[in-house]
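Subject: Handover of a structure and notes on its contents

Dear colleague,

Please find the structure below, together with its sequence. I should be grateful if you would read the notes that follow with the model open beside them.

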Amino acid sequence: MNSNQFLKIFQSRKMAALLLLGFSSGLPLLLTSRTLQAWMKDAQVDLGVIGWFSLIGLPYTLKFLWSPFLDRITLPFLGRRRGWLIMTQIGLILAIGAMAFQQPQQALQLLAINAMAIAVLSATQDIAGDAYRTDVLEPAELGIGASTWVLGYRLAVLVSGSLTLILADHISWNWVYLIMAAFMLVGLSATFWAPEPRRNTPPESLIQAVYLPFKEFFQRLGVPSAALVLLFILLYKVGDALVNNMANPFLLDIGFSKTEIGAVQGTFGFLATTVGVVGGGAILTKIGIYRSLWVFGGLQALSNLGYFTLATVGKNSLLLLLAINIENLCAGLVTAGFVAYLMSLCHHSFTATQFALLSSLMATAGIVLAAPAGELAKLTGWPVFFLITLVAALPGLLLLPIVAPWNQQAPIAPTSDLLKSDSDNLDAW
């Protein structure tokens with residue numbers, strides 16, 4: 001990415017919209033995961049229960065089940081993608097605002113129901129947003145477009161992760177969530193202003209919307225290769241997911257205050273993330289999607305050693321700075337490369353359903369596979385736990401020679417319209 005490409009982020013309406021919509025996509029995630037875990041830790045909720053609360057994020061792993069509705073149904077305002085974005089963003093403002101009335105100490109079930117509503121709406125926003133991004137970008141723009149989206153996403157993580165922790169040391173958690181609801185207005189405004197993507201023919205029926213995306217994906221890649229790609233997507237970020245599930249409880253447990261954690265994450269951590277995201281786009285442009293998965297995945301696995309060192313030494317401000325910076329740098333790199341990889345796999349007639357399927361598998365690592373993280377940390381202790389996270393990253397990396405050979409370029413999914421040619425085959429349905 002040269003200086004002219006970087007300036008496109010600020011000069012192009014398309015890229016500016018992706019930046020703001022990426023922010024809207026990223027804001028709700030931590031409000032039902034790491035930030036919520038910090039609130040529950042403050043409320044003296046059992047560590048094991050906090051770990052299992054990550055299952056609130058199950059909608060992120062199941063969103064492919066209702067994504068065909070977003071491919072098939074066009075709402076009567078703002079087009080096929082932006083109409084759904086508006087609907088989900090309004091719902092998120094209301095649901096996040098409702099968290100201001102919850103009390104973890106007294107009603108964990110109500111808290112879980114409210115958090116689940118946020119997760120469902122956020123997952124649906126992701127379906128529409130991912131489809132919009134994939135539809136609006138040309139093949140040559142995948143690298144810079146993915147980086148721009150991820151930069152907006154990481155800005156939101158800064159706000160919903162770091163800023164919330166700092167605020168929670170000065171005001172109640174209830175007010176913190178009310179403020180986060182107001183931040184969702186950024187995405188709402190951006191959706192009205194965002195350019196309309198290319199118009200691809202939607203499926204003619206719900207049956208087509210459900211059936212054709214899967215048929216096209218498995219036919220194009222072949223069943224064995226497609227199955228390995230799906231397994232790779234499931235496993236690639238398992239080690240990082242285990243760390244993310246327990247990072248804030250760990251740092252609070254060894255004596256850091258919420259303000260200390262939030263300040264480091266919000267300053268140096270954010271700079272590291274920005275370098276990772278922008279650098280990830282630049283490196284991806286130079287070496288290609290496949291090679292970036294090798295380089296970024298290896299760095300992501302090694303970044304967990306920062307937390308292992310901190311767990312071994314104990315509370316140390318310098319090590320806190322290093323651990324958070326290394327994690328955020330590698331997270332920015334790997335997310336930029338992984339988003340571009342997922343977009344390259346999607347046919348433009350079915351971006352909502354195909355990207356939802358792929359990203360659901362990615363989310364499964366962070367939600368289902370990482371759910372026992374709290375129990376595992378209690379059983380092993382923090383140092384051994386972080387070594388286990390390093391081992392957990394290896395299966396995904398071992399699949400790289402098969403699904404992303406170092407000396408090959410990632411093929412871009414076709415954009416031709418399959419719907420007419422396949423309609424005769426669907427008459428029997």
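The notes below take up confidence, then selected helices, and then individual residues.

**Basis and confidence**

This is a predicted model, in which local features need a pLDDT of at least 70 and side-chain atom pairs count only at pLDDT 80 or more, while totals for chains, interfaces and linings use all residues. Residues are numbered from 1 along each chain as its sequence is written, and side-chain values use heavy atoms, with hydrogens and water left out.

The pLDDT is the predictor's confidence in each residue, from 0 to 100. The protein chain averages 82, and 91% of the residues score at least 70. Confidence is highest in helix α10 (residues 173–183), at a mean of 93, and lowest in helix α25 (residues 419–426), at 42. Over residues 419–429 the pLDDT is below 50, and this stretch has 16 contacts in the model beyond near neighbours in sequence. A contact here means heavy atoms within 4.5 Å. Helices are DSSP runs (H or I, at least four residues), numbered from the N terminus.

**Helix α19 and its surroundings**

Helix α19 covers residues 317–344, and its 28 residues reach 41 Å from the first C-alpha to the last, close to the 40 Å expected. The expected span is 1.5 Å times one less than the number of residues. Of the 28 residues of α19, 22 are buried; buried means under 20% relative accessible area, exposed over 50%, and partly exposed in between, with a 1.4 Å probe and protein chains only. At the start of the helix, a side-chain oxygen of Asn-316 comes to within 3.0 Å of the backbone nitrogen of Leu-318. That pair is a polar contact, defined as N or O atoms within 3.5 Å; within protein, one must be able to donate a hydrogen and the other to accept it, and residues adjacent in sequence count only if both atoms are side-chain atoms.

Cys-330 is located in α19 and is buried, with a relative accessible area of 6%. Its contacts, leaving aside neighbours within four places in sequence, are Leu-299, Gln-300 and Ser-303. Cys-330 and Leu-299 are 31 residues apart along the chain, yet their C-alpha atoms are separated by 6.2 Å. Cys-346 is also buried, at 1%. The structure holds zero disulfides (a disulfide being a pair of cysteine sulfur atoms within 2.5 Å).

Gln-300, one of the residues touching Cys-330, belongs to helix α17 (residues 289–303). Gln-300 is buried, with a relative accessible area of 3%. A polar atom of its side chain lies 3.4 Å from the backbone oxygen of Tyr-236. Not counting residues up to four places away in sequence, Gln-300 touches Tyr-236, Lys-237, Asp-240, Cys-330 and Val-334.

**The largest nonpolar core**

A nonpolar core is a set of buried Ala, Val, Leu, Ile, Met, Phe, Trp, Tyr and Cys residues joined through side-chain atoms within 4.5 Å. The largest one has 122 residues, of which Leu-36, Ile-96, Phe-232, Ile-233, Leu-251 and Tyr-341 touch the most other members. Helix α9 (residues 142–168) supplies the largest share of this core, twelve residues. In soluble globular proteins, nonpolar side chains tend to be buried together.

Helix α3 (residues 34–42) is largely enclosed by the rest of the structure, because seven of its nine residues are buried. These are Arg-34, Thr-35, Leu-36, Gln-37, Ala-38, Trp-39 and Met-40. After α3 comes Gln-44, with a positive phi near 65°.

Helix α7 is likewise largely enclosed, since 15 of its 20 residues are buried. Its end C-alpha atoms are 29 Å apart, which agrees with the 28 Å that its 20 residues should span. Thr-88 is found in α7, which comprises residues 79–98, and counts as buried at 5% relative accessibility. A polar atom of the Thr-88 side chain lies 3.0 Å from the backbone oxygen of Leu-85. Thr-88 also touches Leu-121, Thr-124 and Gln-125, not counting residues up to four places away in sequence.

**Thr-364**

Thr-364 sits in helix α20 (residues 351–367) and is buried, with a relative accessible area of 14%. Its contacts, leaving aside neighbours within four places in sequence, are Thr-61, Leu-234 and Leu-369.

Yours sincerely

Technical notes: Helices (H or I, at least four residues) and strands (E, at least two) are DSSP runs, numbered from the N terminus.
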